[in-house]
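Subject: Structure handover

Hi,

Here is the structure I promised to pass on. My notes follow below it.

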Amino acid sequence: MELIKPFDPWRSSLCSCPPKYSLSAYTGCGHGCLYCYASSYIPKFYQPRPKKDFIKKLRKDAAKIPPGSTIAISNSSDPYQPLEKKLKLTHQLLNILKNYDLKINLVTKSNLILEDLGLLKEIKKILITISLTSLDDNLSKKLEPNCTLPSERLKAVKKLSEFMPVVVRFDPLIYHLNTKDIKKVIRQIKEAGAKQIITSTYKAKTDNFKRMTKVFPEYLELWHKLYYQKGMRKNNYIYLEENIRKSLIEKARKESMNVRLQFSTCREGIQDLNTANCDGTSFF
Ligand code: SF4
């Protein structure tokens with residue numbers, strides 16, 4: 001298959017996702033998140049473009065994919081990024097895939113997804129993942145400049161939850177920048193109707209660290225010390241030292257348990273804290 005590929009995050013030994021496929025209509029992403037990891041391995045990442053002959057190729061791939069497969073849409077670009085407004089390729093993609101026996105997991109930070117609500121309701125096996133880092137709109141404007149504001153994303157969680165399972169990726173947790181309100185954020189996610197929290201800590205890459213510290217220079221010294229002096233290198237990412245990571249993750253887990261949300265971590269190497277599949281797919 002040309003477009004639908006087995007999900008393989010660089011063969012990371014830390015990935016605990018069940019087998020699934022990955023599909024995206026776009027290369028690159030226009031949301032501009034400072035912490036994005038995909039920008040380090042996709043050329044001209046911040047100049048998003050549609051994949052060539054996408055619909056034609058997708059029709060061929062869809063006929064070959066094994067029935068019952070799970071497809072994540074998508075892992076390294078947002079299916080409802082600004083380009084979707086004009087090109088509607090994700091919309092067309094769903095119109096094709098709804099005719100197959102597949103489990104579809106849409107992952108987005110955009111409330112543009114609500115324009116497809118009618119179509120999403122037609123898909124038999126669907127799981128929505130909404131990502132957010134904070135419920136502070138002003139912080140989000142700096143951190144994810146072209147994304148739907150978190151307050152609107154929360155409304156999308158609420159609306160979508162009326163019809164289908166929704167999980168929330170509350171990540172990345174960025175030391176002190178968005179970790180003071182973990183409790184409050186998780187409570188509001190629960191109130192909006194989500195079923196699971198997926199979280200992870202921010203991992204430094206050369207390019208994302210430059211973007212982050214340019215916009216938040218007040219954190220340069222602290223983050224440099226935590227990542228480049230005390231942190232640890234794993235699979236080409238720099239992680240916070242283990243005790244700090246664990247304390248942040250455990251705080252999020254504790255609050256998730258308090259409000260009866262399923263909980264999982266992503267690529268942290270502490271899967272024993274998970275209460276459901278790390279990617280939310282227990283809800284299919
Ligand atoms: S929405 Fe996802 S893929 Fe797009 S810039 Fe943000 S983190 Fe990267």
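Which residues in helix 7 meet helix 10, and which residues in helix 10 do they meet? On the helix 7 side they are I182, K183 and I186. On the helix 10 side they are K251, A252, E255 and S256. By class, this contact divides into 3 nonpolar, 1 polar and 3 charged residues. Please keep in mind that this is a predicted model.

Helix packing

Two packed helices are described by the angle between their axes and the distance between the axes. For helix 7 and helix 10 (residues 242-258), the axes come within 9 Å and cross at roughly 40°. That crossing is right-handed.

Helix 7 (residues 182-192) also packs with helix 6 (residues 150-161). Here the angle is about 30°, and the axes are 8 Å apart. Helix 6 contributes L154, V157, K158 and S161. Helix 7 answers with Q188, I189 and A192. The classes in this contact are 4 nonpolar, 2 polar and 1 charged.

Cores

In soluble globular proteins, nonpolar side chains tend to be buried together. In this model the largest nonpolar core has 60 residues. Those with the most contacts inside it are I71, V157, V168, F170, I186, I189 and I197.

I186 is worth a look on your screen. Leave aside its neighbours within four places in sequence, and I186 is in contact with F170, I197, A252, E255, S256, V259 and L261. F170 and I197 are also on the list of core residues with the most contacts. A second, separate core has 5 residues, including Y26, L58, L83 and L93.

Ligand shell

The residues around the ligand are C29, H31, G32, C33, C36, A38, S76, S77, D78 and K109. This shell divides into 4 nonpolar, 4 polar and 2 charged residues.

Backbone points to check

Most residues other than glycine have a negative phi, and most peptide bonds are trans.

- I73 to S74: the peptide bond is cis, with omega near -5°. S74 is in the loop between strand 5 (70-73) and helix 2 (82-87).
- D171 to P172: a cis peptide bond again, with omega about 0°. P172 is in strand 8 (residues 166-173).
- R260: phi is positive, about 60°, and the residue is not a glycine. R260 is in the loop between helix 10 and strand 12 (262-265). R260 counts as exposed because it has 8 C-beta neighbours inside 10 Å.
- R267: phi is positive here too, about 50°, and again the residue is not a glycine. R267 lies in the segment after strand 12. R267 has 21 other C-beta atoms within 10 Å, so it is buried.

One more place

Where does P67 lie? P67 is in the loop between helix 1 (54-64) and strand 5. P67 has 7 C-beta neighbours inside 10 Å, so it counts as exposed. The C-alpha atoms of P67 and D101 are separated by 5.2 Å. Along the chain, those two residues are 34 residues apart.

Best wishes

Conventions
Residues numbered from 1 in each chain as written. Predicted model: local features only at pLDDT ≥ 70, side-chain atom pairs only at ≥ 80, totals over all residues. Axes fitted to C-alpha atoms, helices over the stretch in contact; angles between N-to-C directions. Helix = DSSP H or I, 4+ residues; strand = E, 2+ residues; numbered from the N terminus. Contact = placed C-beta atoms within 7 Å. Nonpolar A, V, L, I, M, F, W, Y, C, P; charged D, E, K, R; others polar. Core = buried A, V, L, I, M, F, W, Y, C linked by C-beta atoms within 7 Å. Buried ≥ 20, exposed ≤ 12 C-beta atoms within 10 Å, placed from the backbone. Near = placed C-beta within 6 Å. Left-handed = near helix turned anticlockwise from the far one by under 90°.
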